[in-house]
Structures are given as C-alpha cells and as structure tokens.
Amino acid sequence: MKYRKMPGSPERLSALGLGLMRLPTAKDGKIDEPRVLEMLQYAVDNGVNYFDTAWVYHRGESEQVLGKFVAQNDRSKFYIATKLPCWMVKQESDAADYLEKQLEKLQTDYIDYYLLHSLHDTAWKEMRRLKVPAWLEKARSDGKIRHIGFSFHDKYPVFKKIVNGFDWEFCQFMFNYLDTHYQAGLNGYRLAVEKCLGVIAMEPLRGGKLVQSIPLDIESVWKKSSHAWTPVQRALNWVWDHPGCTVALSGMSSLEQLQENVRLANSAKAGLLDEKELKIYNRARLEYLRRIPVPCSECGYCLPCPHKVAIPEVFGHYNEAVMFNQKRRHKQEYLAWIPEDSRADKCVNCGACVPKCTQQINIPERMKDVAKYFSEDKE
Ligand code: SF4
Ligand code: SF4
C-alpha cells in the first residue's frame, strides 16, 4: 500500500480509503455483516488505514458495523472518519449529542477524522449560527475528535468561503476527471493544497458511472492512450496523479472490488500522467459533456413550477442517463427519488418557467422528451 502524509500531521494515510456507504446488503436490505467484516479485515491486512462512515450511511448501520470491527481489532491500526449530520442539528446541544452516540456506536473513545457532513452555503451559515465551529474545537481539545474537516456539495465560491471561514485540517469533495469544473473541482483542489489541507477525494469513479457501460465515443478516446488501463485504473490514477490528494475514497460493495482497488493502490503514484495523457483525459471529459442532452445547470431559477415539476432534478437524471449511457440505472433512480407528481409527464406546458430559465431551455418541450425517454424501456 502507498501512503500519503496528512498535511500538518505526522499521520500517513493509505492512498486508498474504504468508504462505507455502499456496503453489500442481504435480501432484507440490511448490511450483510459477515461480508462487511471480511472486507474490513482484508482492508486492514492489506494496509488500508482510512475508513469513512457517517451517521446516515445505511440508515445508521454503517457506523454500527464498523464499531463491531473496532471492538475486535487493534484500534491503533486504522483511522476512523465519520460525520456530523449537519441538517439534523437544530440546536446548540445537538452536535455534542450526535458525537456521543457516534462514539458509542463506533465503540471507541475518539474519532480520528471528524467532518461536518455535506456543507453547502445554507448549511454552513446554520452551523455558524449554532456555534458548531467552536464546539468542534472544544471536542478536539477534549480528545474526542482528533482532526476537523468537512465534506462539500456546492459551487466553488462557497467552497472558498468555507475554507477561509475556519481553521480546518482537511476537506472532502467530489474529485474525478469528469468533474474538474463542477462543485469544488480543480479550483477547490488547488485552494486546499495552498491552505495545506488534507484532501479526501470522494467519488473518484463518480459512483461507478465512469467505469460501467462506457459509451463507444468515449472508448474511442481512450484507445489513443499509451496505457492499457482498466476504467477503474484510469479513474483512480487520475486522482492519485495529484500529489495533494491524500486519500482516494471509494465506496466499495464487494471484496472483489476492494481487492482490485488495493492492487491498484499498491502502485499509486503522483506525476504518472504526462501532458499527452492529460489531454486524453480532458478529451474524454469533453466527450462526456458533449453527450449531455439538456444544458441545464441545475441553478433552480425556473422554480417553483406551479404544477410541482421538479425541473432541475428531472433534467439531472435525464442528462446523467444519456451522458453515461446508463438508462436502466438512472430510470430506477428517477422513479425512486422523484415523487410521481413531480416527474416530467406532469408538465402541462403552461410556459411559466420558460422566461426564468438562465439557459434559454425550452423546458416544456424538453420535458416531453424526458417523459418519453423514461416511459420506454429500450436503452
Ligand atoms: S411548463 Fe411545465 S415545467 Fe414549466 S412551469 Fe409549466 S408545468 Fe412546470
Ligand atoms: S433555470 Fe434552466 S438551467 Fe436553471 S434549473 Fe431551471 S431549467 Fe435548469
């Protein structure tokens, strides 16, 4: 296993971190505990020392199963990262209550890497209003948490504001070759490095979308590469190519995936990609973006729709389905996450949203396309 130093700390974290948000489950939907414990053991035995969980993962079971592993193993062999569910913190005492419960579930006296979960502009304002930053510092001086960070989902200017708004030690954001200009992106990476923050890269495979059903036009771009890499290898190597990326955090669902990722992490290296290769990655990125059928930036200015259509979300699912050539998966997500009365087929063509669209999209016309696309089963 290769290790990278956490800035400002002597700790060396494994280049691969095990994310515990997409664990194998049994038929009843609960975590398949024996399989997860086997994965955790394999990870530790093979040098992975960063386990990332959260209060909400697997409806709370993720922290619990990690706690079982902690109780049976040498705690000094790995670092635990978990997160405060910011959106559930409603009063000043809530943060401390969650942390106490997390320590209990994780069967430990301290959390190594503690994050404010999923910060965005509004959440950060709320955390400040509830004096959570000061509470984090106290929890650290009490020894209950050791390093303070945040995970992030918003635009770069908000990332910059948050980074500059507190004395963080590390940050976690989506970092992969497709999203270089999305959310924190490469600008966020550069700022984090400049500020000497540890960078935990999440979604290095974009939730698996960069490695499954790769469209033919993208495949033809990769043929120009001088490396005969697998899609997983390509995606992880791009992340590890960045020396300031401390950990590539991947949510793994099977021992086989973990074994493959560990094998790749054994040769993780910064500076592996020369200029020609980086151009190929960029070409692949542009090809993905070119496939997006509706240029919706998901800004939300068109809302509210008087007929409750969830316009940006609907376009988001449609765009990803077409972009990644993964209709079946996205159709399931579309049906699961968008309530029936807010789907594309509920658009009545009233036109109220059209003048508000920042991208001049003919929304009702495109809603027809989306409704048709998701009503048909053919790929
Ligand atoms: S045109 Fe359709 S999506 Fe737009 S506001 Fe009217 S019903 Fe909603
Ligand atoms: S205003 Fe246009 S670009 Fe913004 S979310 Fe609505 S449809 Fe998308």
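Helix α12 gives the most to the shell around ligand 2, with 3 residues. The model is predicted. In it, 16 residues surround ligand 2 and 15 residues surround ligand 1. Elsewhere, 8 strands close into a barrel, and two helix pairs, α12 with α13 and α6 with α7, pack against each other.

**Ligand 2**

- By class, the shell around ligand 2 holds 10 nonpolar, 4 polar and 2 charged residues.

**Ligand 1**

- Helix α14, residues 363-375, supplies the largest share of the shell around ligand 1, 3 residues.
- The shell around ligand 1 has 12 nonpolar and 3 polar residues, and no charged residues.

**The barrel**

- The strands of the barrel follow the order β3-β4-β5-β6-β7-β8-β9-β10, with parallel pairing.
- From one strand to the next, the twist averages 25°.
- Strands of a sheet pair through backbone hydrogen bonds, either parallel or antiparallel.
- Strand β9 (residues 198-202) and strand β10 (residues 245-251) run parallel and are joined by 3 bridges.
- I200 has V247 in β10 as its bridge partner.

**Helices α12 and α13**

- Two packed helices are described by the angle between their axes and the distance between the axes.
- For helix α12 (residues 311-323) and helix α13 (residues 327-337), the angle is about 165° and the axes lie 8 Å apart.
- Angles over 145 degrees count as roughly antiparallel, and α12 and α13 are therefore roughly antiparallel to each other.
- The crossing of α12 and α13 is right-handed.
- On the α12 side, H317, E320 and A321 take part in the contact, meeting K327, H330, K331, E333 and Y334 in α13.
- This contact of α12 with α13 is made up of 2 nonpolar, 2 polar and 4 charged residues.

**Helices α6 and α7**

- Helix α6 (residues 156-164) packs on helix α7 (residues 185-194) at an angle of about 15°, with the axes 9 Å apart.
- That angle makes α6 roughly parallel to α7, since angles under 35 degrees count as roughly parallel.
- α6 passes α7 in a crossing that is right-handed.
- In α6, the residues Y156, F159, K160 and V163 meet G185, N187, G188, L191 and A192 in α7.
- The contact of α6 with α7 counts 5 nonpolar, 3 polar and 1 charged residues.

Key
Residues are numbered from 1 along each chain as its sequence is written. Chains are lettered from A and ligands numbered from 1 in the order in which they are written. This is a predicted model: local features need pLDDT of at least 70, side-chain atom pairs count only at pLDDT 80 or more; totals for chains, interfaces and linings use all residues. A residue is near a molecule or strand if its C-beta atom, placed from the backbone, lies within 6 Å of it. Helices (H or I, at least four residues) and strands (E, at least two) are DSSP runs, numbered from the N terminus. Ala, Val, Leu, Ile, Met, Phe, Trp, Tyr, Cys and Pro count as nonpolar, Asp, Glu, Lys and Arg as charged, and the others, Gly among them, as polar. Two strands pair if DSSP finds at least two bridges between them. Axes are lines fitted to C-alpha atoms, for helices over the stretch in contact, and angles run from 0 to 180 degrees between N-to-C directions. Angles under 35 degrees count as roughly parallel, over 145 as roughly antiparallel, 65 to 115 as roughly perpendicular and the rest as oblique. A crossing is left-handed if the near helix is turned anticlockwise from the far one by less than a right angle, and right-handed if clockwise. Two residues are in contact if their C-beta atoms, placed from the backbone, lie within 7 Å.
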